[in-house]
Each structure stands twice: as structure tokens, then as C-alpha cells.
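I opened this notebook to look up where open space is left in the fold and who lines it.

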Amino acid sequence: MAQRIVSLSRVSPRLAEPILPTVCVVAADENFRAELIPELSPWFEVESRATYRDVARWTREMGASALILDIDTDGEEPHGGLAVLNELRRSDEGIVLISISRSRTRAVEKLAHESGANAHFRSPVDLAELRLTVIEAVRESAEELTRREHQAQAIESSRFQDFIGASDAMRLVYDSIQQVADSNINVLVRGESGTGKELVARALVALSSRATKPYIRLNCAALPENLIESELFGSEKGAYTGATESRPGQIELADKGTLFLDEIATLTLPLQTKLLRVLEDHQVQRLGGRTQKKIDFRLICATNEPLEEMARTGKFREDLYYRIHVVPIQLPPLRERDGDIALLCDHFLQIHCGANGLPLKHLAAEALQVLEEHTWPGNVRELENLIQRLVLTVRGQEIKAENLPPGLLAHSVAVQEQILLPEGGTDFDEEIVRLEMALLSAALNRAGGSKAGAARLLGLDGQRIKYLCRKYSL
């Protein structure tokens with residue numbers, strides 16, 4: 001199958017001549033095709049035909065960078081070419097699609113764009129304008145393809161197990177994981193909510209000799225106090241009301257493998273005591289049971305609580321703290337991961353655009369700047385939730401700053417600078433006048449019209465505020 005050539009100036013080493021991108025043309029009007037081919041030929045290899053038959057396969061075989069399609073060609077109602085545009089856009093996100101129609105209504109142009117057309121022309125077509133449009137669109141498509149290739153390479157080079165991140169802070173985390181993964185040492189993963197503590201546990205398991213053995217996860221905060229004991233240690237039939245059969249606990253199920261206890265700080269002191277005994281004796285006894293079972297498991301715990309402080313105040317057993325705190329791994333918050341937000345955004349855009357069957361979207365530079373200025377109290381989880389929402393709610397392939405939630409924009413230095421000083425510049429004296437009037441009006445309003453009260457709010461003397469109020473007729 002032919003490969004699409006995306007550069008307008010590639011040269012074949014063997015032939016020592018340019019390899020031109022291919023443009024396919026589908027139009028029933030033979031005269032139009034005859035006029036268009038010489039118009040495009042200096043810049044493109046041009047292939048043409050009169051019908052829609054197997055257009056998708058034909059463009060793939062030609063390695064087409066662009067397709068110019070007369071959507072009236074088959075004379076169907078509504079325009080038969082719209083279905084072709086839809087099919088081509090779904091099958092090939094990168095091909096440039098230019099539609100042409102004899103219809104003068106805006107509705108047809110809108111339908112063409114919604115069906116995937118990059119540009120739409122009404123017949124009769126200005127061939128020079130069409131040529132320029134195709135050249136620019138193919139160039140932009142080539143640049144976008146290069147950008148995505150670099151983006152994919154950057155994501156791949158920053159990938160570690162299920163993590164995405166190339167910051168120094170995350171490199172330290174990766175090193176720590178690799179150092180202790182293939183051991184039986186207990187690990188305590190620490191970090192704010194949403195930083196990816198469970199990803200650390202999964203990475204430790206994947207890189208260990210226990211990778212093919214059971215991996216049991218339990219969120220200690222997700223179960224009520226009266227259920228967590230039986231969930232952890234198991235129970236015998238009749239051990240409590242409703243225990244109609246014997247069942248193993250999570251510790252027992254983790255035999256020969258790994259047990260991950262998330263939010264371990266929420267365990268009550270009696271449960272902490274029982275867990276400590278299991279870690280010391282390597283044996284577990286079910287509720288209502290009389291015998292103990294030997295258990296071999298590796299323990300990984302996670303918390304965002306200050307365990308040291310809890311141990312000092314008696315809320316967490318100090319001896320258990322030292323048992324689980326053999327090797328601590330501290331996950332940095334997202335605000336401290338320099339350069340990782342752009343990588344994570346690209347990664348989440350790929351995931352959620354693909355999951356929803358949408359063309360890959362990208363962030364405008366000003367939108368990315370706003371995201372990089374945000375403090376992200378919810379960390380990576382908050383960022384992913386936002387990207388998922390933007391993928392579904394933003395029309396078009398570019399996510400702009402104006403598409404971001406107002407809460408983010410309100411605290412953005414970039415947005416505030418844009419409001420204060422537009423790209424085209426401003427008149428300094430006029431801005432000062434507007435600012436003075438706004439401050440005076442706000443102060444007078446808050447002071448109930450009292451000039452003395454407004455003067456106190458603004459730190460002005462009586463004569464100065466009287467002068468300014470006369471100056472601006474306030």
C-alpha cells in the first residue's frame with residue numbers, strides 16, 4: 001500500500017528529484033478535473049476519477065495527503081458525498097478533505113464541515129484559491145503529524161510502568177521503585193490524594209518475583225468498621241450473625257503474593273494490633289477460628305495522613321508504624337512535577353479521545369499555560385477528570401483557554417495578563433483613567449456615596465478625592 005507523503009519538499013536520494021504529496025480528486029465534471037490537474041501539478045501528484053466507488057480504498061492505495069471531493073457527484077439527496085466525507089474522516093484522521101458543492105446554502109457548508117471537511121468551496125470554484133487552500137492545509141497536516149510523532153515519543157520516553165512523567169521528582173520515585181521492587185521489604189507509599197499511590201503498588205508488583213502471584217487490594221476507608229475485620233482476616237461459619245459459610249480474608253488470599261492496604265491510617269487500634277501480630281508471626285487466624293494458617297505475603301501500604309503525628313498522639317500504633325515504614329516512597333504532588341502536566345494532558349487526550357471515538361484533540365498554548373499555573377489540589381486525578389470532560393464538551397480539535405472552567409481562569413496569571421494587556425497593546429493613559437474611575441466608583445459604592453468613606457478605603461486625603469470626583473464627574 002502506498003505511504004502518504006506529508007512533506008512538500010522531500011527529495012528522493014536515488015532519483016534526485018522531489019517526491020510530491022498526492023492529491024486525489026473526485027468530480028463528475030470532466031472539464032473541472034481537466035482544469036484543476038495542471039493548477040495543482042507543480043505542487044502535487046494528482047490522481048482523479050469521476051465516481052465515489054471505493055474512494056476510501058483508492059485514497060489509501062494512492063497514499064493521498066488530500067482529497068478534493070465534489071459532494072454533488074452522485075446526485076443523491078442529501079448530497080451523497082457527505083457520507084463519503086464521514087467515512088474518510090472516521091478511517092483517516094490525518095487526510096485533508098476539501099468539499100465542493102453547487103449548493104449556495106450555508107446548511108450544506110455546515111454539514112460538510114460536520115462531516116469532516118477541512119474546507120468547503122461553492123461552484124464555480126476559484127482554482128487559484130483552491131490551490132492555496134490545499135497547499136496550506138497539507139502543510140498544516142504535515143506539521144500536526146510531526147507534532148504528534150514528537151508527542152508520542154515524549155510520552156513513551158517518560159513512561160514508567162503505568163506512570164507518565166519525566167520530571168526529576170518522578171525520576172526519584174522510579175528509582176526508588178526499581179531499588180526495592182524485587183524484595184520482600186514492606187513499603188509505605190505516601191502522597192496527597194490523587195498522586196497515584198496505587199500505581200506505585202502495581203509497579204512494585206509488576207517488577208517483583210511475585211508478579212504472577214495474587215495481588216490483593218483493599219481500601220481500608222471504603223468499608224465500615226464492623227466489616228473490615230472479617231474482610232481482612234476472614235471468618236468461619238457462625239462467627240457472627242450472617243456468617244453462613246467460612247470464607248478467607250484478604251490477607252489469606254494474598255498468600256505467596258502481595259497485599260496492598262490503601263488508607264491504612266483509618267484502621268482502628270484493635271485492628272492495628274491484629275495486623276501487627278500477623279506481620280510478626282506470619283500467621284493469620286479467621287474470626288471464630290481456632291487454628292492459625294501460615295501466610296507468606298508482601299505488604300504495601302499507602303496513606304496521605306501524618307502517621308508520625310498519629311503515632312505520637314496514640315492514634316496509630318508506633319510499633320506497627322515501624323513495621324510498615326521499612327521503605328517509604330513519597331509521591332510528589334502534581335504542582336511540584338515540573339514539565340509533567342503537558343505530558344499528562346497529551347496522554348489523557350489520547351486515551352479519552354480514543355475511548356469516545358473522537359478525533360485526537362490538542363491544547364492551545366494559552367490553555368496549557370493556564371493548566372500549568374493551577375495548583376491541582378486533586379493532583380493527577382483532578383487533571384484527568386478535567387481532560388475527560390473537555391474531550392466530551394469542546395467542539396473542534398483545539399481546546400482553548402476559553403473552554404477551561406472559570407475557576408481555573410480566575411486564578412491564571414496568563415489570563416490576567418491577557419486582560420490587562422491585549423496582544424495588540426493598549427493606550428497607557430486611557431487604561432490609567434479607566435482604572436482610576438473603576439476604583440473611585442467601587443469605593444463610593446461601598447461607602448454608600450460618602451466621599452470621606454471612599455477616601456479612607458483608597459488611602460486618599462479629602463482634597464484629593466474631591467479633585468478626582470470633579471475630574472471624572474462622580
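I began with the second largest pocket, whose lining residues divide into seven nonpolar, six polar and 10 charged. For these classes I counted Ala, Val, Leu, Ile, Met, Phe, Trp, Tyr, Cys and Pro as nonpolar, Asp, Glu, Lys and Arg as charged, and the others, Gly among them, as polar. This is a predicted model, in which local features need pLDDT of at least 70 and side-chain atom pairs count only at pLDDT 80 or more, while totals for chains, interfaces and linings use all residues. Residues are numbered from 1 along each chain as its sequence is written, and side-chain values use heavy atoms, with hydrogens and water left out.

I noted that a pocket is an open set of points on a 1 Å grid over the protein atoms alone, where a 1.4 Å probe fits, with protein on both sides within 12 Å along at least five of seven lines, and that lining residues have an atom within 4 Å of a point. The second largest pocket holds about 530 Å³ of space, and of its 23 lining residues the closest to the centre are G194, T195, G196, K197 and L199.

I then looked up the largest pocket, which has a volume of about 1000 Å³. Of its 32 lining residues, the closest to the centre are R89, G116, N118, P359 and Q397.

Conventions:
Grid points are joined across faces, edges and corners, and a volume is the space filled by probe spheres set on the points.
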